[in-house]
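Here's a quick tour of this protein, written to be read with the structure open beside you. Have a look around first, then read on.

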Amino acid sequence: MEILRIKGGNQISGDVQISGSKNAALPQFAAALLSAEETILENVPDLSDIRFMGEILTHLGAEVSKLGPNTWKIYPANVQPNAPYELVRKMRASICLLGPLVARIKKAKVPMPGGCVIGHRPIDLHLLALRQMGAEISLNQGIVEVDGSGLQAVDIFIGGRHGSTVTGTANALMAAVLTPGVTTLDGAACEPEIVDLCTMLIKMGARIDGAGSHLLKIEGVEKLNGCTHRVIPDRIEAATYIMSAAITRGKIRVKGITPGHLGAFAKVMHESGVILSSNEEDSMDVHTRADGLSPFEVVTLPYPGFPTDLQAQACALACTVPGLSILTERVYPSRFMHIPELLRMGAEVSLEGANAIVRGGKPLNGAPVMASDLRASAALILAGLAAEGETWVHRIYHLDRGYESFDNKLRNLGAEVERLPETALPPTFRSPTD
Ligand code: EPZ
């Protein structure tokens, strides 16, 4: 296993190029199954989750090839309904296969997605939508089996207790595009990743109205064609680099982004004193107010609210801002696994239910810390950039699932970050069995 060693204290500077969005690309790999023709996806981030999805599609019978570092070709002439347990278990996003399989071959057998450290992640809304469309669904030995031979267009309310569901909306959308009649999805997610999925599906010949709103109308068509589609930039990666500049009080240019996708995140940064200025349509300059940052309040909500995928990183930033900041999780109320690790670095954070109360301003000290999921990994690295001394981040395979070349990009911004084998750990930090 590998670890990252970070030597804190450098103010980062320079340009960073943002990769394509993981959370747009993964459902789009699944969407390629909706046509028997060839689909080309460009600007796909080079991540382990993407490679897993490619392996799953191959197992399902598609011809999948990587034409370049960020370009994939998917040719699903023949598709079978059984998704492989071992691969699906590793990646929750594979639940997005249900909709396209049921639409294309009227059948799907997809293992229940694995648990996740960020909290309870049911799929009841995914299954509710398919059932309301007439699908017969059973759970046999942990495998969700769907018979979609009788799918019909209906009006569905797909919102849940925590608001809209991103991949639930994607699944229902992809089940509806080949279902005769007009299906409506009320309470649908309006994340940019869903808009991008609609853009791709419309290129394939789908008839969809309302992309970007909470009400989607889908008129089913006979068949869909292949297409070539360029994945949108990753707004979560972009915001993570914006906070890496903020936490080191550095000054960077973030390139290849869609500034309009930052939603409430940009507002919170502005209020705290992180100055964002976009001079060109796809780049943003970032620096911090000369007299320092102010504490801030965050409530995570579905888009355009503050993204839950940025809460851990914002928590790390708040640790360096004098005063009390409050971060409330409304999407995944127990998504606070990063906090015990930040405490190891001297952070002062208390948890009251789904609220993290951060008393910021005391310098952080480098320490060996453990990543628990991909966004917590990013948060611990950001904390390491600001901490005094060295921080060692374990289990960085989490990071590689969702951030392309994170350590290389940070090094190019002047951060002292090194990827090392676990054996490089100082003896004091090694487990006794080593
Ligand atoms: C997507 O997950 C993202 N993943 C997540 O990003 C992101 O955190 C999440 O949306 C919220 O924005 C991908 O797009 C691959 P949800 P998803 O269904 O679709 C509840 C990352 O770090 N819910 O929008 O699985 C659920 O428990 C990952 O990149 C139900 O109750 O999330 C949660 O509270 C982590 N029933 C809320 O809805 C359901 O059937 C939002 O979940 C489905 C969801």
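Let's begin where the two domains meet: between domain 1 and domain 2 the count is 2 salt bridges. Keep in mind that this is a predicted model. The domain assignment puts residues 2–19 together with 233–424 in domain 1, while domain 2 covers 22–230. On the contact itself, domain 1 brings 24 residues and domain 2 brings 23 residues. About 1900 Å² is buried between domain 1 and domain 2, and carbon and sulfur atoms give 51% of that area.

Now for the salt bridges as a group. The count comes to 22 salt bridges. Here are two of them, with the separation of N and O in each:

| Salt bridge | N to O distance |
|---|---|
| Arg401 and Asp49 | 2.8 Å |
| Arg89 and Glu86 | 3.0 Å |

How far apart along helix 3 are Arg89 and Glu86? They sit 3 residues apart in this helix (residues 85–90), so about one helical turn separates them.

Next, a pair of helices. Helix 1 (residues 22–31) packs with helix 7 (residues 192–203) at an angle of about 30°, and their axes are 9 Å apart. The crossing of helix 1 past helix 7 is right-handed. Which residues make the contact? From helix 1 come Asn23, Ala24, Pro27, Gln28 and Ala31, and from helix 7 come Glu193, Asp196, Leu197, Met200 and Leu201. Sorted by class, that contact of helix 1 with helix 7 holds 6 nonpolar, 2 polar and 2 charged residues.

Finally, two spots in the backbone to look up. Tyr303 and Pro304 are joined by a cis peptide bond, with omega about 5°. Where is Pro304? Pro304 lies in the loop between strand 17 (297–300) and helix 10 (311–318).

The other spot is Gln141, a residue other than glycine whose phi is positive, near 50°. Gln141 also belongs to a loop, in this case between strand 7 (136–140) and strand 8 (143–147).

Key
Residues numbered from 1 in each chain as written. Predicted model: local features only at pLDDT ≥ 70, side-chain atom pairs only at ≥ 80, totals over all residues. Heavy atoms only, no water. Axes fitted to C-alpha atoms, helices over the stretch in contact; angles between N-to-C directions. Helix = DSSP H or I, 4+ residues; strand = E, 2+ residues; numbered from the N terminus. Left-handed = near helix turned anticlockwise from the far one by under 90°. Contact = heavy atoms within 4.5 Å. Nonpolar A, V, L, I, M, F, W, Y, C, P; charged D, E, K, R; others polar. Domains from an automatic or database assignment. Buried area = accessible area lost by both parts, 1.4 Å probe. Salt bridge = Lys/Arg side-chain N within 4 Å of Asp/Glu carboxyl O.
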